[in-house]
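How do two neighbouring parts of one chain meet? The paragraphs below follow one such boundary.

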Amino acid sequence: MSAFSAISEDIEHDRNEYTPGVEPQPTWCPGCGDFGVLKALKGAAAELGLSPEEMLVCTGIGCSGKLNSYFESYGFHTIHGRSLPIARAAKLANPGLTVVAAGGDGDGYGIGGNHFSHSARENHDMTYIVFNNEIFGLTKGQTSPTSPKGHKSKTQPHGSAKDPIRPLSQSLTAGASYIARTAAVNPNQAKDIIVEAIEHDGFSHIDFLTQCPTWNKDAKQYVPYIDINDSEDYEFDRTNRAEASEMMYETETVLHEGTVLTGRYYVDEERPSYGQEKRAIGEMPEEPLAERYFDDDHEWDRVYDTFLDRHK
Amino acid sequence: MTTDELIWRIAGGSGDGIASTSQNFAKALMRSGLDVFTHRHYPSRIRGGHTYTEVRVSADPIRSRGDGYNFLLALGDSFARNPQENAYYGNEEVKPLSENLDDLDDGGVIVYDSGLLDTDDIPDFDQRVEEHGWHVYDIDLRTIAREHGREVMRNTAGVAVTCAIAGIEPEVIKSLMDDTMPEKVFEPNMSVFDDAYGVVTEEYDADAPDISIPSGSHDEEQVLISGSDAIAYGALDEGCRFIAGYPMTPWTEVFTIMSQNLPEVGGISEQVEDEIAAAALAIGASHAGVKAMSGSSGGGFALMSEPLGLAEMTETPVVLIEAMRAGPSTGMPTKTEQGDLEHVLYTSQGDSHRVVFAPADAEEAYRQTRRAFQIAYEYQIPSIVLYDQKNGGELQNVPASVFDEAPNPDLGSVITEAELADAPHDPSGKYNRFQHGVEDNVSPRSIPGQEGGRYLATGNEHMPAGHISESPDNRVNQVNRRMSKMETIRAELDADGGQRNFHHGPADADYGILTFGSQQGTAVEAVDRLNDEGESVKLLGVSELAPYPVEEVTGFIESVNEVLVVEMNASAQFRGLTQKELGRFGDKLSSLLKYNGNPFEPAEIVEGFVTSIVEDGRLPGHETKFVPAAGD
Ligand SMILES: Cc1ncc(C[n+]2csc(CCOP(=O)(O)OP(=O)(O)O)c2C)c(N)n1
Ligand code: SF4
Ligand SMILES: [Mg+2]
């Protein structure tokens, strides 16, 4: 019997279950795109029939990091940039959990960029949502790694001299096996993408455009947006790495010219997840490790019996 | 020269198999009933560069390297850089011989591979040999090795020559080789062995020098084990099944041992992108209900500072290992020091708190690593095991029965689903995982996936269910609750018997030597010698640093006239900690420091004590440094 019955239970869930019954209510500014992520995640969790207690939502630090304060589930609000290593270890420890990591563009592409690359490369079976508002929200509007070139802020009074990073392209190169961009202004697409991302066996990366009306007036509302998977102007095969790459490059370029492209960019269903790879080489147990500590019948190996002979 | 102990130094180049040859030699002698202790010296280089390992062998228990040594086996350095005129690094080829002469005892033995080393390259060699009464055996080990096998077998030839000179039964070595080598390597090695052994018995006078190996026997089965082995084994027996790490000398040893063993017991090892990730992964795994650890050496541990604070704030149990080497910065990667004490005690922002153990040797490393896990999981606090390049790598024999212990996979303070049904929740249905007013101020944690256990773990200050809060009232309650755990842990450790650290020497001694961690064994030997020489000295070796054993150390200091604090760093960090914790004794504590990269020899502590404390004189040379007590 599992020690974690929230994981094994199979009942319908209503999206309201993911809303805290009482406080805290979100403290985000009116009109903030972060509300869109919260709403889409609730819709996706309900659609997937996930129990709040089989989900672990790990966040970084930033306005975005408050996501799990307002989403009813197990949560780990970590430190700036480190949601991914905490999330992926939890998944390895208990693969039964549905693990979602989330944080800002500064958090994920800046200070946590190393973890982003490696988590994607390793293809951990989890979903990573980056709230991309092209700004440092919580620290009051400084330029972030995705801020467009020339963007002025208090710390870049003459405008940023740096080109923004290309999050989708980077993700593809690093090795993510599901890559999408959506926008807070597009709640249905956002929900569908989160559903797909959670269902996907591997590292799913969603670059989620979240407008910050308080600090990033330039970025407006990310409207009008175009869904590249629906539009006839953008024909490409999202299972083809080269075509996906080209589509991403264009998307990243035109964003700063006022064209907001969204949709699924890359999907690789073939690639085994990290857990599968690790099990295949005998470096991860078949049964969730976390269960073992609650299993009174488990026979724990002792060093005295297993490893000491080589020292004799 | 007659001696009741052999201190054998095998020297060669990095990459020439010096470590494995010395390990086999030590193990063979341990099996024959003797006590052994090794000390290694190696450069931060893969191929080439002078390296040596000392194997000290005695019929009596030994816990330290010796003073100097009496038997040198100098092999060639196969990867030495070409000798150049005025080369900054000197002539590397002869270093296995030339670099080791200063420490060799009078009347000692030199065996060198004349196939690779030429004494003409060493200034005044013959004159020094005569002056010190050394016995020299120039034997072409390389040629013997080549004749029967491959050149690397010259190590075997050197061991055979050692046996012939020191009177070690060939069978002692051969049976071990038989156990560890595949047949087709074993055969030629035996021919090399016999041939080299024969050279000594046939060509040299058997009675000179008068070095003979003692004989001994053990009451019970022994294992040859290092501090790194013991830390890993302590973790495994505590049910640790998850490690995340990033290589850094000397921590890499523990990480490697764990990575090799974990898959066999159904555990997980992760080599990750950096040490921030490593610590964060350990925290993530522990949060999800697995006993987990990480670790590094100073530089990597610096990167763990912020995750460490997160573990403290979220009360996530985790064990971190810190293997000290000479700093600051990259420092001397393969050289030993105890300079990270303050780093480990105080890193990470705010009123942070953690438990720190600094085991002295393999046995303490095993026990204290286990204790570190127990405390971490029971009290939901990070525990750190602080050791160093010295005791991580020293091999010593320990009774196998030390490890004959039951495993303990207990997750500590956790709640079950059944208990959660009746546990306090907040109005939104979150479990009050950070409650005030609970037993020992430890609020049992739920594990993700448990029905009825959801809560928010956060590095922000938080309410009982985890909601972020800056309410002054809640803040004070939470800080008080978290901080109080240290006092509870102190009481628990004290309850184990009060005198929980290591005491040695006459209880009524006039003087004290105080040390911590890996210096303990060497200090024991120094204290014995001082008392034999008529001094009146006792030792306290502290290996529980936080919570600091205030009463025990106070009692020790009060019972003597003066205390010499011995540690391997330049800023007397342990003495500083002691004064801070005890709030007095500044005029009673002086320091003996060493920070040249090499661990103390017993004689250096003896000399430091006699010269500085007894005679009020000045230490010659700058190998060690005396810092007097305040106002002294
Ligand atoms: C190590 C560290 N450095 C800096 C900060 C301060 N800080 C908090 S959030 C943040 C940036 C937030 O920007 P982003 O990640 O884009 O999140 P947003 O607020 O825009 O959602 C910074 C710099 C911190 N908390 N920790
Ligand atoms: S500052 Fe920007 S990102 Fe932060 S809550 Fe306000 S609108 Fe949202
Ligand atoms: Mg941002």
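Domain bounds here come from an automatic or database domain assignment. The model is a predicted one. On that assignment, chain B is divided into four parts: domain 1 (5-207), domain 2 (223-404), domain 3 (417-495) and domain 4 (501-627).

The boundary followed here is that of domain 1 of chain B with domain 2 of chain B. Their centres, taken over C-alpha atoms, are separated by 34 Å. Domain 1 of chain B brings 15 residues to the contact, and domain 2 of chain B brings 15 residues as well.

The size of an interface is often given as the accessible area lost when the parts come together. Between domain 1 of chain B and domain 2 of chain B, about 1400 Å² is buried, with 51% of this area given by carbon and sulfur atoms. On the domain 1 side, the most area is lost by B:Phe37, B:Arg40 and B:Tyr42, which together make up 38% of what that side buries.

B:Arg40 also takes part in a salt bridge: its partner is B:Glu253, and the closest N and O atoms lie 2.9 Å apart. The count of salt bridges between the two domains is 2, and 7 residue pairs are in polar contact, both residues being at pLDDT 80 or more.

Which elements supply the domain 1 side of this contact? Helix H1 (18-31) and strand E2 (35-41) of chain B each give at least two residues. The largest share, 6 residues, comes from E2(B). By class, the side of domain 1 that touches domain 2 has 7 nonpolar, 4 polar and 4 charged residues.

Terms used: Residues numbered from 1 in each chain as written. Chains lettered and ligands numbered in written order. Predicted model: local features only at pLDDT ≥ 70, side-chain atom pairs only at ≥ 80, totals over all residues. Heavy atoms only, no water. Contact = heavy atoms within 4.5 Å. Buried area = accessible area lost by both parts, 1.4 Å probe. Salt bridge = Lys/Arg side-chain N within 4 Å of Asp/Glu carboxyl O. Polar contact = N/O pair within 3.5 Å; in protein donor to acceptor, adjacent residues only side chain to side chain. Helix = DSSP H or I, 4+ residues; strand = E, 2+ residues; numbered from the N terminus. Nonpolar A, V, L, I, M, F, W, Y, C, P; charged D, E, K, R; others polar.
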